[in-house]
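This report describes one protein model together with its ligand. The sequence and structure are shown first.

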Amino acid sequence: MATIAPRKLTLADGAALLIRVPERTDHSRLTELDRAGASEPELTGQLPGDPVLSDSERLHWIMRMRDGGSALALLAELEGRLVGFLECRAQDYPRGASHVARFMICLERDFRDRGIGRHLVETLLDWAAAHPTLEKVSLGVLAGNARALALYRKLGFTEEGRRAREFRSADGAYLDTVMMGRFVK
Ligand SMILES: CC(C)(COP(=O)(O)OP(=O)(O)OC[C@H]1O[C@@H](n2cnc3c(N)ncnc32)[C@H](O)[C@@H]1OP(=O)(O)O)[C@@H](O)C(=O)NCCC(=O)NCCS
C-alpha cells in the first residue's frame with residue numbers, strides 16, 4: 001500500500017510548508033476552501049451555489065482518503081495555515097481504467113505562485129509512482145487557466161486532447177477543457 005508521510009519543505013521565500021494527509025479536525029477549513037472555488041469558475045469549473053460536502057460527508061471523505069487505498073488527499077499547510085488541497089482517486093469504473101488516477105487541486109488565492117502547487121503535485125506523482133496498480137495520472141483543466149497549464153507542463157504532463165465547450169459560466173460563456181496526462185511507470 002502506498003502511504004504518504006508528512007513532508008516538511010521550505011519555499012523559496014523561506015516560508016515553512018507542510019504537506020500532509022487530512023485529519024478529522026480539518027473538515028470545516030476544507031469546506032471553506034471548497035466553497036471558495038465557486039468564486040473563480042473560470043479556473044475551478046465550480047459555479048456559485050454548487051453543492052459542497054456537508055460536515056458529515058466531509059468527515060466520511062477524510063476517513064476514506066486516509067485509508068491508503070486508491071485515493072489520496074493532500075493538504076498544504078503554510079506556517080500553520082491550511083491554504084490548499086489536492087484530491088486524487090483512481091478510476092473505479094470501468095475497471096479497465098483503474099490504472100489511471102484523476103486529480104483536482106485548489107489553493108487559496110493569496111498563496112499562489114509560490115511553488116506550493118508544484119510541491120503538492122510532485123508529492124502526488126511520488127505516491128502514484130509507488131502505488132502498486134497506478135500507472136498514469138490525468139486531469140482536465142479549463143483552457144484559459146494559464147498558470148495551471150504551465151505548472152502541469154513543467155511537471156511532465158502532456159496535452160492529450162481538448163473537449164470543446166465543456167464548461168458554461170453563469171453568464172453563458174463557454175470554455176474548452178484541456179485533457180492532460182502523465183505516465184508514472
Ligand atoms: C493551479 C494552482 C494549483 C498552481 O499552484 P501554484 O502554487 O499557484 O503554482 P506554482 O507556483 O507551483 O507554479 C506555477 C508555475 O506557473 C507559472 N505561471 C504562473 N502564471 C502563469 C501564466 N499566466 N502563464 C504561464 N506560466 C505561469 C509560474 O511562474 C510557476 O512556474 P515556475 O515554478 O517555473 O516559476 C493554483 O494556482 C490554484 O489553485 N489555482 C486556482 C485553482 C485552479 O486553477 N486549480 C487547477 C484546476 S485544473
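The sections below cover the basis of the model, the ligand shell, the nonpolar core and strand pairing.

## Basis

The model is predicted; local features require pLDDT of at least 70, side-chain atom pairs count only at pLDDT 80 or more, and totals for chains, interfaces and linings use all residues. Residue numbers start from 1 along each chain as its sequence is written.

## Ligand shell

There are 21 residues around the ligand, and R112, G117, R118, A146 and A150 come nearest (near: C-beta atom, placed from the backbone, within 6 Å). Two or more residues each are given to this shell by α2 (41-44), β5 (100-107), α4 (116-130), β6 (136-142) and α5 (146-154). Helices (H or I, at least four residues) and strands (E, at least two) are DSSP runs numbered from the N terminus. With six residues, α5 gives the most.

## Nonpolar core

The largest nonpolar core has 35 residues, of which L74, A76, F85, L86, F103, L120 and L124 touch the most other members. Such a core joins buried Ala, Val, Leu, Ile, Met, Phe, Trp, Tyr and Cys residues through C-beta atoms within 7 Å; buried means 20 or more other C-beta atoms within 10 Å of a residue's own, with C-beta atoms placed from the backbone. The largest share, six residues, comes from α4.

## Strand pairing

Strands β6 and β8 run antiparallel and are joined by seven bridges (pairing requires at least two DSSP bridges). V141 has V178 in β8 as its bridge partner. Strand β7 (residues 158-168) also pairs with β8 in the antiparallel sense, over seven bridges, and E159 stands opposite M180 in β8. The hairpin of β7 and β8 has five residues between the strands, and G172 takes a positive phi near 90° there.

Terms used: A residue is buried if 20 or more other C-beta atoms lie within 10 Å of its own, exposed if 12 or fewer, and partly exposed in between; C-beta atoms are placed from the backbone.
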